Amino acid sequence: MSPIVVWSIIVVLVMAVVYYVRRLSSGRDEDGSRYDPGLAILEFGRAFPNEAIRSLHVTADGGAIFVRLHGNKAGFMKSHRNHFACHLIHPGRVQVQPLTSAKGFTVEFLDSPTQSGTYVFDTEKEAAEVSLWLLDNYVAIAERDEEEGAPAVGLSSDPAS
């Protein structure tokens with residue numbers, strides 16, 4: 001064989017190895033998403049071992065995951081390339097503002113301001129479901145306050161007000 005053919009084969013093999021290694025190190029699936037439900041469950045379970053996960057909803061870009069937990073609790077995971085930042089959303093400690101698009105909303109986490117941001121989902125249904133969890137999480141503290149005899153903040157049963 002001529003040296004040109006040998007060197008061409010070597011160059012092609014090196015390029016194939018480089019391509020393969022870059023695909024492995026990027027942490028993305030074949031469809032381009034970074035979302036791995038198994039990894040998300042493991043990471044959240046490691047951070048909060050006493051919380052039972054009911055469902056996960058990932059944002060359209062795969063950068064954040066909203067976690068529905070047992071007992072009307074909610075959690076949040078934000079992807080930082082090769083690990084997740086996980087936290088529980090405590091009742092009354094989150095503020096949600098709608099976007100013009102029904103596929104997302106802006107969230108302000110009062111306990112974790114670095115996690116606050118605008119999150120967009122693949123479908124309007126997913127965004128609505130997650131916002132309902134957050135609303136239920138917020139209303140849960142108001143109901144608890146009413147049961148204890150304290151007035152609920154921001155909620156009024158008087159139709160005149």
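**Reading the aromatic rings, sheet and cores**

Visitor: Is F66 buried or exposed, and what is the relative accessible area of F66?

Guide: F66 is buried, with a relative accessible area of 1%; the term buried stands for under 20% relative accessible area, exposed for over 50%, and partly exposed for what lies in between, using a 1.4 Å probe and protein chains only. This is a predicted model, in which local features need pLDDT of at least 70 and side-chain atom pairs count only at pLDDT 80 or more, while totals for chains, interfaces and linings use all residues. Residues are numbered from 1 along each chain as its sequence is written, and side-chain values use heavy atoms, with hydrogens and water left out.

Visitor: How many helices and strands does the protein chain have, and what pattern do they follow?

Guide: Helices (H or I, at least four residues) and strands (E, at least two) are taken as DSSP runs and numbered from the N terminus. The protein chain has three helices and seven strands, and along the sequence they read α-α-β-β-β-β-β-β-β-α. Of the 161 residues in the protein chain, 27% are buried. If a contact is defined as heavy atoms within 4.5 Å, residues 24 or more positions apart account for 39% of the contacts with a separation of 6 or more in the protein chain.

Visitor: How many aromatic pairs are there, and how is the pair of F66 and Y119 arranged?

Guide: A pair of aromatic rings is described by the distance of the centres and the angle of the planes. Rings of Phe, Tyr and Trp (its six-membered ring) pair if their centres lie within 6.5 Å, and planes under 30 degrees apart count as stacked, over 60 as edge-to-face and the rest as tilted. By this rule there are eight aromatic pairs. F66 and Y119 form an edge-to-face pair, with 5.6 Å from centre to centre and 85° between the planes. That pair links distant parts of the chain, with F66 in strand β2 (residues 64-69) and Y119 in strand β7 (residues 117-120), 53 residues apart.

Visitor: In what order do the four strands of the open sheet lie, and which of them are the edge strands?

Guide: Strands of a sheet pair through backbone hydrogen bonds, either parallel or antiparallel. Here two strands pair if DSSP finds at least two bridges between them. Four strands form an open sheet in the order β1-β2-β3-β4, with antiparallel pairing. The edge strands, each pairing on one side only, are β1 (53-58) and β4 (84-89). From one strand to the next the twist averages 20°, with axes fitted as lines to C-alpha atoms, for helices over the stretch in contact, and angles running from 0 to 180 degrees between N-to-C directions. Helix α2 (residues 37-47) packs on the sheet and touches β1, β2, β3 and β4, and its direction makes about 60° with that of β4.

Visitor: How many bridges join β2 to β1 and to β3, and what do the turns look like?

Guide: Five bridges join β1 to β2, where I53 stands opposite L69, and six bridges join β2 to β3, where I65 stands opposite M77. The hairpin of β1 and β2 has five residues between the strands, and G62 there takes a positive phi near 75°. The hairpin of β2 and β3 has three residues between the strands, and G71 in the turn has a positive phi of about 80°.

Visitor: Which residues have the most contacts inside the largest nonpolar core?

Guide: A nonpolar core is a set of buried Ala, Val, Leu, Ile, Met, Phe, Trp, Tyr and Cys residues joined through side-chain atoms within 4.5 Å. The largest has 15 residues, and F66, F105, V107 and L134 have the most contacts inside it. The elements giving two or more residues to this core are β2, β3, β6 (104-109) and α3 (124-147), and α3 gives the most, with four residues. Apart from this core lies another, of 10 residues, including F44, L56, I65 and L88.
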